[in-house]
Structure formats: C-alpha cells, structure tokens
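The sequence and structure come first.

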Amino acid sequence: MKELLLDFDNKGPIYVNNDINIEANLNIKDDIEYKFIEGYNKVWTPIQDFSEKKICKWTPKNSGKHMILVQGKVKGSTKPYDYSARLEFDIIEDSKLIENVDIDKNKVTVGDKVLINVKGREELLLYRFWLKNKDEWEILNDYSTDNKYTFTATEPGNKEILVECKKVDSTNNVDDYIRLKIDVKGLEVIEITDFKFLSHKMIVNEELIFKVETNHEENRPLLYKFVKINKEGKYTCVQDFSSKSIVSFKEEVEGEYKLLCYVRDIFSNKEYDDRALIVYDVMPYEKIKIRNFKADIESPQVTGTRINLEALVDGGRELVYRYIIEGPVSEDSGYIRSNRYLWEPSEEGKYNITLKVKDISFKGDYESINSIGYQVDKKGDRPVRIVEVKCDKGRAALVNQPFNINVKCEGGCKALYKFIVYKDGIQKEEMDYIKNNWINFVPKEKGEYEVEVRVKDLYSIKDFDSSTSIYIKCNDYIPANIDYVLTNNKEIYLVNDTIEMEAIIQNTTDTVVRFVTKINGQDVEDTGYVENKAIRVKPKCPGKYAFSIYAKNIKSTEEYDSKREVIIYVKDVMPVNSTKVVANKKEIKVGEEVTFEVTSKGGKNVCYEFYMMKENNWVLVQEYSKKNYYTFLPFSKGQYRLLVLSKSFYKKVNYEDYESITFNIV
C-alpha cells in the first residue's frame with residue numbers, strides 16, 4: 001500500500017487561534033479524495049469532508065494535544081477509505097502582547113514625521129522604541145505606558161525601528177517585540193539659480209537690495225544667510241539663516257564688496273546646501289555725465305547780448321561747474337556751484353565755450369567735459385529770447401491724455417514758434433514755425449518725451465534765435481510725489497509723547513504710502529503700502545527714531561516713486577534748565593553760616609556740584625550729589641562767587657546747566 005504523506009506550513013510553536021495549512025500527498029495515478037479530521041479529548045470532529053482538495057486550513061481553538069487524521073480513498077471506491085495518516089500537534093496558549101502596529105507611512109522624505117501606534121493585547125503594558133543606526137541600536141524612548149511614538153526622519157536610508165513590549169510586573173527584559181522598516185528618501189538637491197541686485201544704483205548711503213532665487217523655493221522651507229565681505233576681508237553677517245530671500249542694507253564707505261549667500265533646507269543636517277557669491281562696487285555718487293550744455297539763445301548773437309549758458313548734468317552728489325570762454329576776450333569762472341553762467345561778450349569774433357563738471361569731493365581737474373562754439377557779431381537789434389516754458393501737467397503726464405506746452409519769450413519784433421517732439425531720443429512730431437506760442441500734444445506711448453522749443457524773429461534769417469527743451473515722462477499713471485511731510489510743531493520729543501506724521505501728496509486717491517520705522521538703526525515696524533497717508537507713534541524709549549516714507553501710484557510697478565526720511569530724537573526727560581541760586585539771608589557776616597539753595601526745571605534725579613571763587617581762585621566745595629543746597633561759613637571779609645553746575649544723574653556729561661551768584665561778606 002502506498003504511504004500517505006502529510007506536511008504543514010507552521011514549523012514553530014503553534015498558538016491557539018493561529019492558522020495551519022496541512023497538505024496531503026499520495027504518489028499514485030488514481031484520482032484521490034481526502035478527508036481531514038481533528039481529534040481532541042477523545043472526540044473526533046471533521047474539518048473537511050472528502051474532496052479533491054489536498055490542502056486543509058485548520059485553526060485550533062484549544063490548547064493541548066491534538067491529533068489530525070487524514071483519510072484518502074480512490075474516487076469511486078466503496079471502501080470507507082483506502083489510505084490514512086496521522087499528525088500530532090501540541091497547541092499552546094498565545095503569549096504575544098503586541099496585537100498590531102499602525103504606521104501612517106513607511107516611505108518618507110527627510111524632514112517628514114512618522115506616527116507609530118502600537119496596539120497591545122492588554123490594557124496596561126510597557127513599550128520601548130529603538131532605532132538601528134548603522135550597526136548599533138539607539139534608544140528612542142525607554143519603557144513607558146505611552147504606546148505612541150513620532151519618528152522624525154533626519155537622514156536618508158532604510159531605517160529599522162524595534163518596538164519592545166512587556167508587562168508591568170514582568171521581570172523579563174522583553175516579553176514581545178516587532179520590527180518595522182521605514183524607507184527614508186533624501187531631499188532633492190537645492191541649487192541657487194540666480195543672485196541679483198534689485199536696486200537702481202549702487203551709491204553710498206543708498207539702500208542696496210539683493211535677491212536670491214533657487215530651484216525649489218516654492219515648495220520647500222528654505223533658509224538664507226547673507227555674509228558681507230569688505231575690501232579688507234572683514235566678514236559681517238548681514239542676515240542669519242531665515243526664510244527671507246531678499247536682503248537690504250546701506251554702505252557708508254565706497255569700494256568693492258562681496259556678498260556671500262548660503263541656502264539650506266530647514267530640515268537639512270548640512271551646514272548649507274548651496275552657496276553663491278556676488279561682487280559689487282559701491283560708488284560715492286552716480287557717474288557724472290553732461291546731459292546737455294547750450295546757450296539760451298542761439299549763435300550768432302551780437303556784442304552786449306546777455307547770454308545764459310545752461311548745463312544739465314546727471315550724477316554726482318554735490319556738483320561744481322567751471323565755464324571757460326576762449327576767444328577775443330577770454331573768461332574763466334573757476335569752479336562754482338551754479339549750473340548757469342551769464343556771459344555778456346564785449347568783442348565780436350569766434351568763441352569756444354568749455355564746461356567742466358566734477359563733484360566737490362573729486363581731487364582731479366574734471367569728471368565730465370563738453371564744448372560748444374559761438375559766434376559774436378557787432379551789436380544790432382535786440383534778439384528774441386525764451387524766458388519760460390511751462391507744461392500744464394508739470395514733468396509727468398498720462399498716456400492718451402493731452403498736455404499743453406506754453407512758451408514765454410521777449411525781444412525781437414514778432415516771434416515765431418517751432419515745436420519738435422522726441423521720444424527716447426527719436427523724433428516723433430514737428431510743428432513748423434507758427435504764431436501761436438503753445439501746442440497741445442497727446443502721447444500715445446509710455447516713455448520720456450523731449451519737447452524742443454525754437455523761437456526766431458519774424459525777420460530773422462537764422463534757423464532760430466533761441467531754443468530750449470522741456471522733458472516730460474509719460475506713463476499709465478502719474479508717479480506719486482511726496483511734496484511735504486507734516487509733523488508736530490515741537491522741538492523736543494519725550495517718551496510717551498505722540499509723534500504725528502502725514503505725507504502731503506497730490507493725486508491722493510491714486511497713491512499708497514509705506515511707513516518704515518527704525519529705532520536706533522533697528523527696524524521695528526513696516527506698515528507695508530496702505531492708503532492712509534498719516535502715522536501716529538507713541539515712543540516708549542528714548543533714542544533716534546528714523547521714519548522712511550515711501551509713496552507710489554497704485555499702478556506703479558516700481559518699489560517706490562518717491563521717498564522721504566524724517567529723523568526725530570526722543571529724549572527720556574527734558575534737559576535740566578532754569579537753574580537758580582538763592583541765599584537764605586541778604587546780609588552775610590563773618591562767622592555766620594549762610595545756606596545757598598538751588599532750584600531747576602527738567603531733568604531726572606538732578607544732581608548739583610558747587611564751586612567757590614575767592615581772590616580769583618576756584619575751589620570745589622561740594623561734589624555732585626542730590627543735595628540742592630550748600631552751607632558756607634565765611635572766616636574773612638571780601639567778595640565771593642558761587643558757581644553751581646546741574647545735570648541729570650544718568651547723563652554722562654559734565655553739566656547740563658549752571659548758575660552763579662556773587663556776594664559780599666561784611
């Protein structure tokens with residue numbers, strides 16, 4: 001008879017309620033049916049009746065000795081069974097304490113948190129959590145009744161967490177445990193993609209603005225650190241690690257600087273993930289450039305004509321001008337502060353007029369130079385001269401909105417006017433000589449427009465006798481301009497006084513204002529752009545209060561259109577003043593005491609110091625103290641002088657106020 005072979009899948013200890021798969025095999029060609037029967041406490045219970053299924057799933061419900069009987073018979077056989085085999089099992093009670101572990105995710109990125117929730121089979125159990133770090137186990141949380149632990153992924157790799165469990169009264173180190181696998185993915189590489197300068201110019205004491213852009217700044221919590229390096233190699237931390245990718249500051253000294261930016265993810269364990277360096281030069285002032293240099297009346301003119309030389313110069317901080325006229329009669333103005341020079345030629349001939357411009361701090365001869373030629377003829381009739389050119393919109397106008405140019409001139413017989421319009425240096429329109437001294441012009445595009453006005457006498461044979469230009473910026477909006485900043489009418493501000501400040505701006509409804517307040521150089525408040533044009537501040541401490549006021553049109557894309565700064569010094573108390581000295585008696589005699597009492601206004605914890613002069617010799621008789629009196633016992637007759645110095649106790653000065661009194665001893 002062929003042997004019926006039995007096998008099962010659970011080779012270790014078998015616990016109550018654990019599933020066991022039992023397999024029957026018979027190596028014959030006949031079709032065999034199998035029946036599985038459980039024997040426990042002398043009672044046989046069928047598990048699976050005869051069928052072609054060779055595998056039976058059995059779940060023991062009780063502990064102790066169990067017998068599994070498997071019967072096999074050939075299909076169609078009339079016998080109860082043809083083959084049989086038995087297996088014996090020793091079922092034990094389940095000693096596991098951990099029923100299940102819930103983990104919200106097993107694939108995470110550095111910086112993510114994973115919640116581990118252990119479900120025990122008893123209400124009161126102790127739990128301990130370990131992390132396998134390389135080849136060593138690191139304890140995360142020692143035994144406690146807390147069955148939850150939040151794991152923070154700080155570095156990439158496959159992490160293994162061991163959860164141990166035991167009963168409260170157990171003497172064992174561990175009664176049950178389970179291992180968890182967590183796959184930690186590293187952060188994507190952070191790279192600085194751009195490091196740029198946002199300000200319009202790099203000038204001493206002007207705000208410098210830098211911005212850093214990265215490849216993951218929108219979906220990652222990034223931190224930025226900025227370090228400045230001057231030409232001597234000195235490092236200064238402008239901004240420690242923070243989420244601000246834009247930094248601004250001022251330089252007080254010209255020269256070459258370097259700005260180093262470090263960037264890292266807030267969850268990164270590196271010192272930094274990427275860095276970039278930008279080199280910038282800070283100039284003492286903008287480069288000086290002569291934009292225009294000409295006479296207010298065109299050449300040629302006659303002797304005795306008063307000719308105004310006008311210079312339009314960009315850049316510099318404090319400009320000085322030098323006008324050199326070379327010809328039959330030469331002149332040299334030397335460096336002067338005016339950008340206009342009145343020249344009245346006395347001799348006819350050809351002249352060359354040179355303009356030299358420089359900043360007053362520049363040690364060289366000049367920083368920009370330009371020359372024009374001029375012809376002077378014999379004196380004839382009075383020439384035509386442009387006195388004034390006005391635009392009804394000022395120096396700013398709106399696109400598709402007309403503006404009016406009006407010209408006022410003097411001299412000549414009958415003046416004719418010609419208008420030429422340029423945009424960004426390119427001629428757009430020209431209106432030939434007419435009698436009208438005005439035009440209306442409608443700009444169609446944004447940009448800077450130059451309207452050149454030419455005037456000549458009706459009988460003049462020259463192309464024009466006088467010319468000038470007016471420059472007008474056209475935009476979709478009128479740039480905001482702070483005309484005035486109104487403050488309280490006070491000379492001295494004290495702590496808890498109210499500082500009121502209002503920006504006076506035209507086109508008020510179309511402008512917004514931003515107030516930035518600094519106390520002793522530290523930013524304390526930034527209102528951002530708001531419609532309110534006024535601010536009220538009640539200082540809580542003494543010091544230097546600097547208010548930067550920015551204004552711009554609501555349509556402006558610039559950081560600001562206009563800026564003003566107001567500095568107010570707030571004092572803790574009023575300075576000591578109105579110090580008075582009074583003696584307690586009118587007639588002072590030898591050998592009799594006299595007391596001098598001092599009074600004053602202002603100050604805080606006022607102290608007094610007394611000096612006595614006799615025979616032209618000053619002597620300190622009472623050092624600074626809060627005693628406001630001094631008692632003197634004279635021993636000889638004569639004239640004396642008492643000097644009292646007064647100051648607040650905390651003031652580090654010799655004195656704030658003083659008073660003296662002269663008296664005679666009889």
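The protein chain contains 54 strands and 0 helices, where strands (E, at least two residues) and helices (H or I, at least four) are DSSP runs numbered from the N terminus. Its radius of gyration is 49 Å, well over the 26 Å that the globule rule gives for 666 residues, so the chain is more spread out than a compact globule. That radius is taken over C-alpha atoms, and the globule rule is 2.2 Å times the number of residues to the power 0.38. Along the principal axes, the C-alpha atoms fill a box of roughly 150 × 105 × 45 Å.

The model is predicted: local features need pLDDT of at least 70 and side-chain atom pairs count only at pLDDT 80 or more, while totals for chains, interfaces and linings use all residues. Residues are numbered from 1 along each chain as its sequence is written, and side-chain values use heavy atoms, with hydrogens and water left out.

Of the 666 residues in the protein chain, 40% are buried; buried means under 20% relative accessible area, exposed over 50%, and partly exposed in between (1.4 Å probe, protein chains only). Among the contacts in the chain with a separation of 6 or more, 56% are between residues 24 or more positions apart, a contact being heavy atoms within 4.5 Å.

**Pockets**

A pocket is an open set of points on a 1 Å grid over the protein atoms alone, where a 1.4 Å probe fits, with protein on both sides within 12 Å along at least five of seven lines; lining residues have an atom within 4 Å of a point. Grid points are joined across faces, edges and corners, and a volume is the space filled by probe spheres set on the points. In the classes used below, Ala, Val, Leu, Ile, Met, Phe, Trp, Tyr, Cys and Pro count as nonpolar, Asp, Glu, Lys and Arg as charged, and the others, Gly among them, as polar.

The largest pocket holds about 1200 Å³ of space. It is lined by 32 residues, and Glu207, Ser248, Lys518, Gly521 and Asp523 are the closest to its centre. At least two lining residues come from each of β18 (207-214), β20 (235-242), β21 (246-250), β43 (511-519), β44 (522-530), β46 (543-553) and β47 (562-571). The lining comprises 11 nonpolar, 8 polar and 13 charged residues.

The second largest pocket has a volume of about 940 Å³. Its lining has 24 residues, with His200, Lys473, Glu558, Tyr560 and Asp561 nearest the centre. Two or more of the lining residues are given by each of β18 and β39 (466-475), and β39 provides the largest share, 3 residues. By class, this lining has 7 nonpolar, 4 polar and 13 charged residues.

| Residue | Relative accessible area | Polar contact of its side chain |
|---|---|---|
| Ser562 | 8% | Ile482 backbone nitrogen, 3.2 Å |
| Glu251 | 3% | Lys228 side chain, 3.3 Å |

Ser562 belongs to strand β47. Beyond its neighbours within four places in sequence, Ser562 is in contact with Ala480, Asn481, Ile482, Ile549, Tyr550 and Ala551.

Lys533 is placed in the loop between β44 and β45 (534-537). Its C-alpha lies 5.7 Å from that of Glu502, although the two are 31 residues apart in sequence. With neighbours within four places left aside, the contacts of Lys533 include Met501, Glu502, Ala503 and Phe515.

Glu251 occupies the loop between β21 and β22 (255-265).

**Positive phi outside glycine**

Lys42, a residue other than glycine, has a positive phi near 65°. Lys42 sits in the loop between β4 (32-40) and β5 (43-51) and is exposed, with a relative accessible area of 86%. Asp424 is not a glycine either, and its phi is positive at about 50°. The loop between β35 (415-423) and β36 (426-434) contains Asp424.

Definitions and conventions. A polar contact is a pair of N or O atoms within 3.5 Å; within protein, one must be able to donate a hydrogen and the other to accept it, and residues adjacent in sequence count only if both atoms are side-chain atoms.
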